[in-house]
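Have the model open while you read.

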Amino acid sequence: QVQLVQSGGGLVQGGGSLSLSCAVSGGAFDLYGLAWFRQTPGKEREFVAAISHTGRITNYSESVKGRFTISRDNVKSAVYLQMNTLQPRDTAIYYCAAVIYGMGDARPVAYDNWGQGTQVTVSS
């Protein structure tokens, strides 16, 4: 059973930066494609960024492209999301997700392993 444990997040002023981490255990990390999604109350889970199991393919939503960076560390079995130039509309609960042989899919249904979620709040 793959486990994803998230850390990071919190409160930041608009224009600031935050980073999220997601430690993955219980599986062969280098076989997993990884992604970040976010969700606000009453809305569906929204794709943020994804990275393929090889690390060669990255995929970003238009709303975060150029501001957020997804990366993975196969030695530490972790995936990261560096968020810069944060805006109030980025406020949400952020989730990491994993699927074996993932290729950067943006659909939540493509992922079968999820982290516990972490709150990111951006003040104006």
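## Ground rules

This is a predicted model, where local features need pLDDT of at least 70 and side-chain atom pairs count only at pLDDT 80 or more, while totals for chains, interfaces and linings use all residues. Residues are numbered from 1 along each chain as its sequence is written, and side-chain values use heavy atoms, with hydrogens and water left out.

## The disulfide

The bond runs from C22 to C96, with an S to S distance of 2.1 Å. It links distant parts of the chain: C22 is in strand β3 (residues 18-25) and C96 in strand β9 (residues 92-100), 74 residues apart. Strands here are DSSP runs of E, at least two residues, numbered from the N terminus.

The torsion about the S-S bond of C22 and C96 is about 60 degrees, so the disulfide is right-handed. C22 and C96 are both buried (buried is under 20% relative accessible area, exposed over 50%, partly exposed in between, with a 1.4 Å probe and protein chains only).

## Aromatic rings

The whole structure has four aromatic pairs; Phe, Tyr and Trp rings (for Trp, the six-membered one) pair if their centres lie within 6.5 Å, and planes under 30 degrees apart are stacked, over 60 edge-to-face, the rest tilted. Take F37 and Y111: their ring centres are 5.5 Å apart with planes at 70 degrees, so this pair is edge-to-face. F37 sits in strand β4 (residues 32-39) and Y111 in the loop between β9 and β10 (113-114), so the pair ties together parts 74 residues apart in sequence.

F37 also pairs with W114, centres 5.2 Å apart and planes at 50 degrees, so that one is tilted. F37 is buried, at a relative accessible area of 0%, whereas W114 is partly exposed, at 27%. F37, F47, Y111 and W114 form one aromatic cluster.

## Two arginines

R45 has its charged end over the ring of Y95, 3.8 Å from the centre; it also lies over the face of W114, at 4.7 Å from the ring centre. A charge counts as over a ring if NZ of Lys or CZ of Arg is within 6 Å of the ring centre and within 35 degrees of the ring normal.

R67 is in the loop between β6 (58-60) and β7 (68-73), and is buried, with a relative accessible area of 10%. Its side chain has a polar atom 2.8 Å from the backbone oxygen of S63.

Terms used. Helices (H or I, at least four residues) and strands (E, at least two) are DSSP runs, numbered from the N terminus. A polar contact is a pair of N or O atoms within 3.5 Å; within protein, one must be able to donate a hydrogen and the other to accept it, and residues adjacent in sequence count only if both atoms are side-chain atoms. A disulfide is a pair of cysteine sulfur atoms within 2.5 Å.
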